[in-house]
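The following exercises ask the reader to examine one model step by step. Each task is followed by a worked solution.

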Amino acid sequence: MSSAEMIPFGGFEIEIAEDKIDFSNRKDLVKLGMTSSQKMHTSALWNTIPSLAVVGTQNACVIHLPDGVTTSDLMKYKSGGLGNTYYGADGKIAGQGTLELLGKQQVVLGAFTAMSIASGQYFLAEINTNLTAINQKADKILEFLYGDKKAELIAEVSFVNFAYQNYNSIMECDHQRTATLISLQAARKVAMKDIEFYMSDLDSLVKAKDVPDLDSIINKAFQIKDCLQLAIQLYCMSNILEVFYSQNRNSKYLEYIEKDILSYIDKYEKRMLSNFSAIQMYVKTYKGNLLKKIDKSVYEKRVEEFVDLLGSGEEFIKRKPLQSVLKSFQNDAVFVLDREGNAYLKVV
């Protein structure tokens, strides 16, 4: 992309490209999914670009409406467009909204905020694809969940998936965004309690003196493993979503979140490795009923493969996607706009 002009503006630099970009062949540009209001901001920026070099020109306006009045209440002109006169609940003209001229800086800031939120949805999708447990359908999850924690865990997983799927639109509504943040913090607490609940169950299963038959102990151990994986991934995703919803880019805060998540994963992976290593030894030494022979090879293979996974660096939950998504939140982003107001994120 050759640059005809680089325009510094406030904290931004806008590059005007000489060359026509073939977006269909640019593997380094990812088209962002945007809401209609976000696209309005990027379109406004596109229309503003030709006059950005002219200092002090105000070229856009925002309408301020009283509480409870929405854009659907505005008067619509026959020639198209909306007036700043609005209707009341009785259908009669109730007043006028005040118009405030926006300088170019507000237009630029509004567009960059919109693109930042849209890029957040893209980065969240990158991490979400790696959290396989919480992406399962509810009926699949219910097949292995058990105990008193079953209802609360499935409810929190459902909510976190909702918060992820609707991130783009919820971020545009301050009240809903605040409520979602509070609920995400609650989901994180539930995840922490449930992780310890299921971990204690696994500890008890391994230490039990009256061990049941081999089939029962192996199936129970892997059922607990599935519950633990779900709860740990819920903990991870609720933390990541809280970062994105809060838009808190403080480096100390982000360092704390990353360290906390990774240490949490490491802690419970080690405890699971210890328990499943004990189960592996139990399977090897299991004699069972002398009058009834049993083929232990299937159980040995299943437990051995999982122990190897936990102990070989093939993490129970992959670290790199978690670190990558937090890093992306701190890095400067490069966006490209087309004439229709579509935004593209430049990726490495």
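**Exercise 1.** Determine whether aspartate 266 is buried, partly exposed or exposed, and identify its salt-bridge partner.

*Solution.* Step 1: aspartate 266 has a relative accessible area of 29% and is therefore partly exposed; buried means under 20%, exposed over 50%, and partly exposed in between, with a 1.4 Å probe and protein chains only. The model is a predicted one, in which local features need pLDDT of at least 70 and side-chain atom pairs count only at pLDDT 80 or more, while totals for chains, interfaces and linings use all residues. Residues are numbered from 1 along each chain as its sequence is written, and side-chain values use heavy atoms, with hydrogens and water left out.

Step 1: the partner of aspartate 266 is lysine 270, and the closest N and O atoms of this salt bridge are 3.2 Å apart. A salt bridge is a side-chain nitrogen of Lys or Arg within 4 Å of a carboxyl oxygen of Asp or Glu.

Step 2: both residues lie in helix H8, four residues apart, which is about one turn of the helix. Helices (H or I, at least four residues) and strands (E, at least two) are DSSP runs, numbered from the N terminus. Lysine 270 counts as exposed, because its relative accessibility is 54%.

**Exercise 2.** Describe how helix H7 packs with H8 and with H10.

*Solution.* Step 1: two packed helices are described by the angle between their axes and the distance between the axes. Axes are lines fitted to C-alpha atoms, for helices over the stretch in contact, and angles run from 0 to 180 degrees between N-to-C directions.

Step 1: helix H7 (residues 214-246) and H8 pack at about 175 degrees, with axes 11 Å apart. H7 and H8 are therefore roughly antiparallel; this term applies to angles over 145 degrees, roughly parallel to those under 35, roughly perpendicular to 65 to 115, and oblique to the rest. The residues of this contact divide into 23 nonpolar, two polar and three charged. Ala, Val, Leu, Ile, Met, Phe, Trp, Tyr, Cys and Pro count as nonpolar, Asp, Glu, Lys and Arg as charged, and the others, Gly among them, as polar.

Step 2: the axes of H7 and H10 come within 11 Å and cross at roughly 5 degrees, which makes H7 roughly parallel to H10. The contact involves Cys236, Ile240, Val243 and Phe244 of H7 and Leu322, Val325, Leu326, Ser328 and Phe329 of H10, where contact means heavy atoms within 4.5 Å. The residues of the contact of H7 with H10 divide into eight nonpolar, one polar and no charged.

**Exercise 3.** Locate phenylalanine 329 and list the residues that it touches.

*Solution.* Step 1: phenylalanine 329 is placed in helix H10 (residues 319-330) and counts as buried, because its relative accessibility is 4%. Step 2: not counting residues up to four places away in sequence, phenylalanine 329 touches Val243, Phe244, Gln247, Asn248, Arg249 and Leu254. Step 3: one of these, glutamine 247, is found in the loop between H7 and H8. Glutamine 247 has a positive phi of about 55 degrees although it is not a glycine.
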